[in-house]
Amino acid sequence: ENVSQNESEPAAASTKDFDLKTWLEELELSQYYKNFADEDVFNCESLNILEEEDLEKMGVLRGHRRKIEAWKRGSGLTRKGDGPSDVKAWLEDIKSERYFDVLVKEGFDS
C-alpha cells in the first residue's frame, strides 16, 4: 500500500531543499519559527531527532506537536509528484533507512 497524502497537507521535504520557514508555513505553524531558530533547528536531520518533549520545551502546543509528529512519521510522503515517491526514498532522504523494515511491518510500503 502506498502512503500518500491529500492535497491540503504539506509534502515531506528532502534534506537538500528543506526550508524551515516554508515548512512551518505549509503546516500553518509559522508562529514557531523563532522557537525552532533559537534551538538551531534548520534542517530535516535536526528536526527528525527532536522528541515530543523537546517540542514541548520549545513552547509548541500539544496539538501542534501532534501535527509535527504526524508529519515526521511520514503522513505526508508525497503530494502530486512532490517529495519522495515511496517510503524507502523518504527514509533515505532523512537518513533513517534502518526503519524501513519496521514501517513495512506496520503496513507502510514502497
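Predicted model: local features only at pLDDT ≥ 70, side-chain atom pairs only at ≥ 80, totals over all residues.
Residues are numbered from 1 along each chain as its sequence is written, and side-chain values use heavy atoms, with hydrogens and water left out.

Let's start with the big picture. The protein has seven helices and zero strands, with helices (H or I, at least four residues) and strands (E, at least two) taken as DSSP runs numbered from the N terminus. Of its 110 residues, 37% are buried; here buried means under 20% relative accessible area, exposed means over 50%, and partly exposed is in between, using a 1.4 Å probe and protein chains only. Take the contacts (heavy atoms within 4.5 Å) between residues at least 6 apart in sequence: 54% of them join residues at least 24 apart.

Now for the inside. The largest nonpolar core has 22 residues, and W23, F36, L47 and I68 have the most contacts inside it. A nonpolar core, by the rule used here, is a set of buried Ala, Val, Leu, Ile, Met, Phe, Trp, Tyr and Cys residues joined through side-chain atoms within 4.5 Å. Four helices each supply at least two residues of this core: α1 (20-26), α3 (44-49), α5 (62-72) and α6 (87-93).

The structure holds two aromatic pairs. Rings of Phe, Tyr and Trp (its six-membered ring) pair if their centres lie within 6.5 Å, and planes under 30 degrees apart count as stacked, over 60 as edge-to-face and the rest as tilted. W23 and F36 make an edge-to-face pair, 6.0 Å centre to centre with 80° between the planes. W23 lies in helix α1 and F36 in helix α2 (residues 33-38), so this pair ties together parts that are 13 residues apart in sequence. W23 counts as buried at 2% relative accessibility, and F36 is buried at 0%. W23 also forms an edge-to-face pair with W71, at 5.1 Å centre to centre and 65° between the planes. Since W71 lies in helix α5, this second pair ties α1 to parts 48 residues apart in sequence. Put together, W23, F36 and W71 form one aromatic cluster.

W71 leads us to helix α5. In this helix R65, I68, E69, W71 and K72 are buried. They cover an arc of only 160° around the axis, which puts them on the same side of α5; the arc is that of the directions from the helix axis to the C-beta atoms. The buried residues of α5 pack against α1, α2, α3, α4 (52-57) and α6. Just after α5, G74 takes a positive phi of about 100°.

Side chains of opposite charge can pair when their charged atoms come close. Counting a salt bridge as a side-chain nitrogen of Lys or Arg within 4 Å of a carboxyl oxygen of Asp or Glu, there are three salt bridges. R65 forms one with E52, with the closest N and O atoms 3.3 Å apart. That pair links distant parts of the chain, with R65 in helix α5 and E52 in helix α4, 13 residues apart. R65 counts as buried at 9% relative accessibility, whereas E52 is partly exposed at 30%.

Another bridge joins E69 to K72, where the closest N and O atoms are 3.5 Å apart. Both lie in helix α5, three residues apart, about one turn of the helix. E69 is buried at 17% relative accessibility, and K72 is buried at 11%. Leaving aside neighbours within four places in sequence, K72 is in contact with L47, N48, L50, E51 and W90.

The remaining bridge is between D38 and K34, with the closest N and O atoms 3.0 Å apart. Both of these residues are exposed.
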